[in-house]
Amino acid sequence: MAYAPLLAVASLLTGCGSKDTPMIPIPADSSSYANVNAFATMHMVLDLTADFDLKTLAGTVELQFERRDPNATALVLDSRDLAITNAEAAVGTGAWIPTAFRLDAPTPAFGSALRITMPPGTDRARITYSSSPAAKGLQWLTPAQTAGRVHPFLFTQAQAIQARSFIPLQDLPGVRLTYDATIRTPKELVAVMAAEMTPGTAGSGVFTFRMPQPIPSYLIALAVGDLTFKAMSPRTGIWAEPSVVEAAAREFEDTEQMVAATEKLYGPYRWGRYDLLVLPPSFPFGGMENPRLTFATPTVIAGDKSLVSLVAHELAHSWSGNLVTNATWPDFWLNEGFTTYLERRIIEALYGKARADMEAMIGVADLADSRSTITVPRDKTLLPDMTGRDPDEAYSSVAYEQGALFLRFLEDKFGRQEFDTFLRKWFDTHAFESATTEDFLTFLKTELMARKPGVVTDAQVQEWLQAEGVPAFAVLPTSDAFTRVERARDAWVGGGPMTTLASTARVWSAHEWIHFVDALPRTLTQAQMRALDGQFRFTQSGNAEIAHVWFRLAIATRYTQAYAAMEDYMVRIGRRKLILPLYRDLAATPDGKALAVRIFAKAREGYHPMARASVEQVVK
Ligand SMILES: [Zn+2]
């Protein structure tokens, strides 16, 4: 069972540890073994070698602590499947002395507690270790799984609790650290980290990094591959494989404008550069908001900027998430709900309200679909119970879309100007801190509700947090464009001519297409499906989101002519949001399930361990 002992809070408050400032206890976190109220990490020094033959990251990590309990004699760290070969301790910059360590038996959810003896006064630990080839937070790609097909590729994905599978450390979002890193690679490859990079080191096989802003452990990120860089503006650029970098730079050329628009709304961008790393298609997420260097799926390169809300989203995390961080994983909605709200505001600033509303409506549909697949009732709310569970098990759209609807409701009730000021103040006063839902509620009460009494009630706030559905008093997005799409759909489904539909649809954006396909009745005949496909070539769509909704419709209507393309899509792409619903839909019928099992057998090796685990749940 996981635990995070809150050691003698009274002694902390009476001034043990740091001399000047009273120590604020770090919130208990059920997903970490770390005894953070005895030792809290301040800084980390990494020296790791990426070995593509062994599929290991191996070397040393040095952790520098604030000693919060002068009497503590044991340090407890998080680890998962690590081979630990040595541990040392030191006082300040004094000499390293060998010290005892042991690993507890692992649990499937949290891995093993690593216990290190800390002699009196010591406040540093250095651990020599190697990751496992099966590390949950690493994906080692063969050359065939990359765009260039010549060199292998490695990337990390630490959120939520997988940093411990490649570094033994205090793996919880309530602790922040700065770091220095040295990464050693085969000479022909390039290493990048979500940190300040030392330029001009390509070809040397040794890369050094520095992260001067304090971050939670889940934002530690590394990638190694045949990577090249293309600048988009003085502070934004693209890292990608050579064959991808030009298309990515064109697709994401509005990034600088997005940074400027977000700064105007929510205050300065505090991380220096904002670059994007475009990963191979097996990346299990749309994007990961690693600071200074968002990791992104190539599935959003559609050729028409229609899916760049992903960049707006990951960029928005530079405020909500990276700057003000959920203190524990049950507070995840503070990261994702805020970010989804900010994302739509950025899209509105750059591309207009109509597009932001369409994206918000697609989000609401996604929320309903996602909720319908959740079996643990509390997981349908903004406050899931994660005791004893890997936070990834509770992952769904709820934190994103219910959270965004909550903020949209507050904006509507208090007025945009007032709400913008409020949000900006939230980011400014909590910058580089971790916050709980309770912290947010206190801030909401003093900064908005008390100033404008009677506008929003406590009961409404609680319903947003605890309801298993969207509250009846929600302010839902509407879209005239989508209403027109539905009218065209109804006319065609009701027997109207294809030529009328085709001429109406000529001006549709990708969002209108997604809505059109997603909102088609699941009772379409084979003839109707063939007619649509013949006219609009959905099976061959180069837009991964349109293809996704089309394949779902194809499964529902048993339009098997799309299955070969669907299978290719599910083998090629590892992005969980795009593939998991297809597996789920297939698994709903016996012959569909047989197909899902067959596709998974073919795709499995190419998936990231996290995507693999999610799909296994569906096809088992
Ligand atoms: Zn996010």
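The secondary structure of the protein, as seen in this predicted model, comprises 19 helices and 22 strands. The chain has 620 residues, and a compact globule with that number of residues would have a radius of gyration near 25 Å; the value for the protein is 25 Å, which agrees. Along the principal axes, the C-alpha atoms fill a box of roughly 85 × 65 × 50 Å. Of the 620 residues, 58% count as buried. Among contacts with a separation of 6 or more, 72% are made by residues 24 or more positions apart.

The zinc ion is held by donors from three residues named here: His313 and His317 each contribute NE2, and Glu336 contributes two OE donors. These atoms lie 2.0 to 2.7 Å from the zinc ion. The angles among the 4 donor atoms range from 53 to 152°, and the site is irregular. For a tetrahedral site, all angles would have to lie between 85 and 135 degrees. In sequence, the donor residues follow the spacing H-x3-H-x18-E. Both His313 and His317 are buried.

Helix H13, formed by residues 510–518, is mostly covered, with 8 of its 9 residues buried. The buried residues are Ala510, His511, Glu512, Trp513, Ile514, His515, Phe516 and Val517. An α-helix has 3.6 residues a turn, so residues three or four places apart point the same way.

Among the strands, E12 (residues 190–193) is covered on both faces. In a regular strand the side chains alternate between the two faces of the sheet. On one side of E12 are Val190 and Val192, on the other Ala191 and Met193, and all of these are buried. Strand E12 is joined by 4 bridges to strand E15 (residues 222–225), and the two run antiparallel. Within this pairing, Ala191 of E12 stands opposite Val224 in E15.

A further group of 5 strands forms an open sheet with mixed pairing, in the order E16-E17-E18-E20-E19. Its edge strands are E16 (228–233) and E19 (287–288), each of which pairs on one side only. Strand E16 is connected to strand E17 (residues 236–240) by 5 bridges, and these two strands run antiparallel. Ala231 stands opposite Gly237 in E17.

Burial is also found in a loop. Ile167 lies in the loop between strand E10 (153–156) and strand E11 (177–184). This residue counts as buried because its relative accessibility is 0%, whereas the cut-off for burial is under 20%. Leaving aside residues up to four places away in sequence, Ile167 touches Met44, Leu46, Val61, Asp78, Leu82, Tyr129 and Ile220. One of these contacts, Leu46, is 121 residues from Ile167 along the chain, yet their C-alpha atoms are separated by 8.7 Å.

Technical notes:
Residues are numbered from 1 along each chain as its sequence is written. This is a predicted model: local features need pLDDT of at least 70, side-chain atom pairs count only at pLDDT 80 or more; totals for chains, interfaces and linings use all residues. Side-chain values use heavy atoms; hydrogens and water are left out. Buried means under 20% relative accessible area, exposed over 50%, partly exposed in between (1.4 Å probe, protein chains only). Two strands pair if DSSP finds at least two bridges between them. Donors are N, O and S atoms within 2.8 Å of the metal (3.2 Å for Na, K and Ca); water is not among the atoms, so sites may look incomplete. Four donors count as tetrahedral if all angles lie between 85 and 135 degrees; four count as square planar and six as octahedral if opposite donors are over 155 degrees apart and all others between 65 and 115; anything else is irregular. The radius of gyration is taken over C-alpha atoms; the globule rule is 2.2 Å times the number of residues to the power 0.38. Contact means heavy atoms within 4.5 Å.
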